[in-house]
Amino acid sequence: MHYKYLNPINMKSNILRTLLFGLIISLTFASCSKTIVIQSGDLQIEFNNKMYSRVNSLSSDAQTLCETFQPTEQIETKKFILSDFKISGTTTNTLVDKIGKGSETIITGSSQNDGKCMIKIVRVKTYDEIPGIAIFDVCYVNCGNENLLVNKWINNQYEISQGTDTSGFWSFQGSSSSERADWVLPVKKGFYQRNFMGMNQSDYGGGIPVTDIWRRDAGIAVGHLEMIPREVSLPVDFDQYSDNTRVGVEYEFNKPLELMAGDTLKTFQTFVSVHKGDYYASLKLFSEIMQAKGIKFAESEPAAFESVWCGWGYERKFTAENIIKTLPKVKELGIKWAGIDDGFQIAEGDWRVDTKRFPGGSKDMKRMVDAIHAQGLKAVLWWAPLAADPGSKVIEENPDILLINRDGAPQFITWW
């Protein structure tokens, strides 16, 4: 806003100047405090003048998800957490990219504290053909004179209200675990799960980078949209003293990142979506976005959907006769495949037939496979190509293939 200084010549012009000055202040305050609203389908995102936001569903059946504005995107340095940024500008542009046609809102703000300065830029993309989801690209610019040590950043962190639904929350949590825990869980007070997408055990890691919380009337999901796996966490936290469940996307640096003066820190691409029903709706949106970005599914052969009987019912001490005598029943049930499971081999990494269990060696294995084929079934064999037991033949002959940790010890697999 541009204006000229009015020279007070008389009382009348003094009054006019006072009224005009008050109007300017009011307009400036209104401009700074104006809420920025982004909508896509039933999704509504609002930003206030501190760059706090809240997410809600516009569905007529949905109660409030986020009751208050919250510091949903923030950065944590060694000495302080930056979550309050005063908005300095916002623009909305038409967007056309590989995902489709839509719009992009760019919100810029700054934070100054004890001579330290940080600029925050939030880009929010929505698409006409994939409504109900918003994609976030967030970055921070160190505009101060000092280098900063960054420990962590957080995107799309929301506290979700229970509303009047006394049945509570349900959740989809896509992280792996050595316990092989369920991914769909009720969320009661006192519940916490980190949902780390890196290695959770020596032989368990990754998962689907989406967390979804839903009530009977509405749900909300967050996650990342990177084209490669990222070691983020997607925690679900329902503190026992709170009425809200918190979700978000967090990334903690293995060692503090030195953000030099003038440098820019770009976070991973993340998203938020709202939906009705359970988590299938948000996973469908996630899949559509990832496919539009270039993820291609391998085309499945029809046989991939056929039923399999697995010999693991006899566990590791099965014999060829156990398998062969069960095959008529397998065929009678209409099953197409018979699986030979863990236990036929001498050791992981030494995939020769164990003659303690199969005295005839490979001949016994061939006899068992011939019996499977004689019933009109197809045979499948279990094996673990990346595992090798200590003392196995493959390690003795190829000691250089071991994966070695930084401390010099081999990477152990806990499950086997």
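These legends go with close-up views of a predicted model.

View 1. Let's start with confidence. On average the chain reaches a pLDDT of 89, and 92% of its residues score at least 70. Residues 1-32 are another matter, with a pLDDT below 50. Beyond near neighbours in sequence, that stretch makes 11 contacts in the model.

**View 2. The largest pocket.** This view looks at the largest pocket, with about 660 Å³ of space in it. Its lining is made up of 23 residues, and the ones closest to the centre are Leu386, Ala387, Ala388, Gln411 and Ile413.

View 3. Next comes the second largest pocket, holding about 310 Å³ of space. Here 17 residues form the lining, and Gly207, Pro209, Glu226, Pro229 and Phe286 sit nearest the centre. Two elements, strand E16 (207-214) and helix H2 (280-293), each bring at least two residues to the lining of this pocket. H2 is the top contributor, with 4 residues. Sorted by class, the lining has 10 nonpolar, 5 polar and 2 charged residues.

**View 4. Strand E16 and the strands on either hand.** Which strands does E16 pair with? One is E11 (residues 169-175), which runs antiparallel to E16 and is joined to it by 5 bridges. Another is E17 (residues 219-224), also antiparallel to E16, again over 5 bridges. Look for Trp214 in E16: this residue is the bridge partner of Trp170, and Trp214 also has Gly219 in E17 as a bridge partner. To get from E16 to E17, the chain takes a hairpin of 4 residues.

**View 5. The cavity.** The structure has 1 cavity of 30 Å³ or more. About 40 Å³ of space lies inside the largest cavity. Around it you will find Phe80, Leu82, Ser111, Asn113, Lys116, Cys117, Met118 and Leu148. Strands E7 (101-113) and E8 (116-127) each supply at least two of the lining residues, and E8 gives the most, with 3. The lining splits into 5 nonpolar, 2 polar and 1 charged residue.

View 6. E23 runs parallel to strand E22 (residues 308-310), and 3 bridges join the two. In this pairing, Val308 stands opposite Trp337.

View 7. Leu381 belongs to strand E26 (residues 378-381). Is Leu381 buried, partly exposed or exposed? With a relative accessible area of 44%, Leu381 counts as partly exposed, because that value falls between the 20% and 50% cut-offs. Setting aside neighbours within four places in sequence, Leu381 is in contact with Ile340, Phe344 and Met365. Phe318 is 63 residues from Leu381 along the chain, and their C-alpha atoms are separated by 14 Å.

**View 8. Two residues with a positive phi.** Most residues other than glycine have a negative phi. Asn156 has a positive phi, near 50 degrees, and so does Arg180, with a phi near 55 degrees. Where do they sit? Asn156 lies in strand E10 (residues 148-161), whereas Arg180 is in the loop between E11 and strand E12 (184-187). Asn156 is buried, with a relative accessible area of 0%. Arg180, at 52% relative accessibility, counts as exposed, because the cut-off for that label is over 50%.

How values were computed. Residues numbered from 1 in each chain as written. Predicted model: local features only at pLDDT ≥ 70, side-chain atom pairs only at ≥ 80, totals over all residues. Heavy atoms only, no water. pLDDT = per-residue confidence, 0-100. Contact = heavy atoms within 4.5 Å. 1 Å grid on protein atoms, 1.4 Å probe; cavity = no way out; pocket = protein on both sides within 12 Å on 5 of 7 lines; lining within 4 Å. Points joined across faces, edges and corners; volume = space filled by probe spheres on them. Nonpolar A, V, L, I, M, F, W, Y, C, P; charged D, E, K, R; others polar. Pairing = 2+ DSSP bridges. Buried < 20%, exposed > 50% of the residue type's maximum accessible area, 1.4 Å probe, protein only.
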